[in-house]
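Hi,

Here is the structure I promised to pass on.

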Amino acid sequence: MPLPDLAAIPYASAVGSHSDLAAVDAAILDAVDQLPPRIRAVARYHLGFTSGPRTAEHRGKALRPRLALAAARCGPTPERAVAAAVSVELMHGFSLLHDDIMDGDRTRRGRAAAWVVYGVPAALLTGDALLTLALGVLADSGTAASMGVCVRMMSALVRGQGDDLAFEDDQQVTVDAYLEMAEGKTGALTGAACELAATLAGAPPAVVEALERFGRHAGVAFQIADDVLGIWGDSRRTGKPVGSDLVARKKTLPVVAALHAADAEAGHLRALLDTGVPLTEAQTRQATVLVERLGGRTTAEAIAQQHLDLALEALHCCDLPAVAREELRSMAHHMAARSR
């Protein structure tokens, strides 16, 4: 896949600056515009490029590219970060396209999901195309080691997504099983963002390993924070209806923890969630009260803090540039206590 010389794109002095993200966006758009017209239209819509350069709203927080840009500061050739950031953003786009279909989520960042607008077949094919583009970026700009990182990440992501689907019919999901799923479904890609960038930037093996561990634990904290928002978040900020995860009866961490509480009300919650159909508005309110009363929210937030602590610990087990460590530390805190 022909791409511009990513290493030649100007790399800003400020970690994760607007100019760095603009360089990432430009390379993504260049790659997407090489797709067949019908698939290109879906990809542009999904990634937020429908009306020209994508806004911060459509880009989201760009956590994975930002993680890559910061992690690359830990090696002697940080200018290669753009290739890592482009690759992980394309892989993330692929995973979201498929995830929305599997979960039946009709909205993404406050607007209709791509499969709702263009249909399931086109959205699936576009997801495959984005993954192919991501691999092309690594083939053009990476190394054998970076391809190995991608393969391991995809294996973990598929395993995690498969576990998440299996949870729909499993009434005995444990907290440990949930955390293993989250590490694959979310932590694998955030860990890979840091690992790929550090690898391409030529960081020492000990640094690469520490940054992967940092990204993986930060990703699990992020997933748990997302679970909390899925029940108690403000729809004006999250872009999803209030209590959407409960309506869909998803086995998120607050729910799993609440179901395992040593309290008779856990049985009432289980009965609500075992109906096999989406919850009504009244049932959703009742379930929300039960999950919080049974300690689901408190437990989830405490476990998110544990993974945040593990992420921060990884930043201090090897010698990292101070500016990169501080940016990664700030991002981890933000991921564990996100507002949208």
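Predicted model: local features only at pLDDT ≥ 70, side-chain atom pairs only at ≥ 80, totals over all residues.

Residues are numbered from 1 along each chain as its sequence is written, and side-chain values use heavy atoms, with hydrogens and water left out.

**Salt bridges**

D99 and K185 join through their side chains in a salt bridge, at 3.9 Å from N to O (a salt bridge is a side-chain nitrogen of Lys or Arg within 4 Å of a carboxyl oxygen of Asp or Glu). That pair ties together distant parts of the chain, 86 residues apart, with D99 in helix 5 and K185 in helix 9 (helices are DSSP runs of H or I with at least four residues, numbered from the N terminus). K185 also forms a salt bridge with D164, and there the closest N and O atoms are 2.7 Å apart. Here too distant parts of the chain are linked: D164 sits in helix 8 (residues 144-167), 21 residues from K185 in helix 9. D164 is buried, like K185.

Elsewhere, K250 pairs with D245 in a salt bridge, its closest N and O atoms 3.6 Å apart. D245 counts as buried, at 8% relative accessibility. Salt bridges with shared partners connect D103, D105, D245 and K250 in one network. The count for the model is 17 salt bridges.

**The nonpolar cores**

The largest nonpolar core holds 83 residues, and M91, L130, L211 and F214 have the most contacts inside it (a nonpolar core is a set of buried Ala, Val, Leu, Ile, Met, Phe, Trp, Tyr and Cys residues joined through side-chain atoms within 4.5 Å). Helix 5 (residues 81-103) gives the largest share of this core, 12 residues. Leaving aside residues up to four places away in sequence, M91 touches L131, A134, C150, M153, L189 and L196 (contact means heavy atoms within 4.5 Å). Another core lies apart from that one, with 29 residues, including L179, I224, V255 and A287.

**Cysteines**

How many disulfides does the count come to? The count is 0 disulfides (a disulfide is a pair of cysteine sulfur atoms within 2.5 Å). For C317, the closest cysteine sulfur is in C318, 4.5 Å away, so it is too far for a bond. C317 is partly exposed at 45% relative accessibility, whereas C150 is buried, with a relative accessible area of 1%.

**Helix 17**

Helix 17 (residues 322-336) has 15 residues and reaches 21 Å from its first C-alpha to its last, close to the 21 Å expected at 1.5 Å a residue (the expected span is 1.5 Å times one less than the number of residues). Its buried residues are A324, R325, L328, M331, A332, M335 and A336. These residues cover an arc of only 130° around the axis, so they lie on the same side of helix 17 (the arc is that of the directions from the helix axis to the C-beta atoms). A322 and V323, on the other side of helix 17, are exposed. Among the elements covering the buried residues of helix 17 are helix 4 (63-71), helix 9 (175-200), helix 10 (205-232) and helix 16 (296-314).

Cheers

Notes:
Buried < 20%, exposed > 50% of the residue type's maximum accessible area, 1.4 Å probe, protein only. Helix = DSSP H or I, 4+ residues; strand = E, 2+ residues; numbered from the N terminus.
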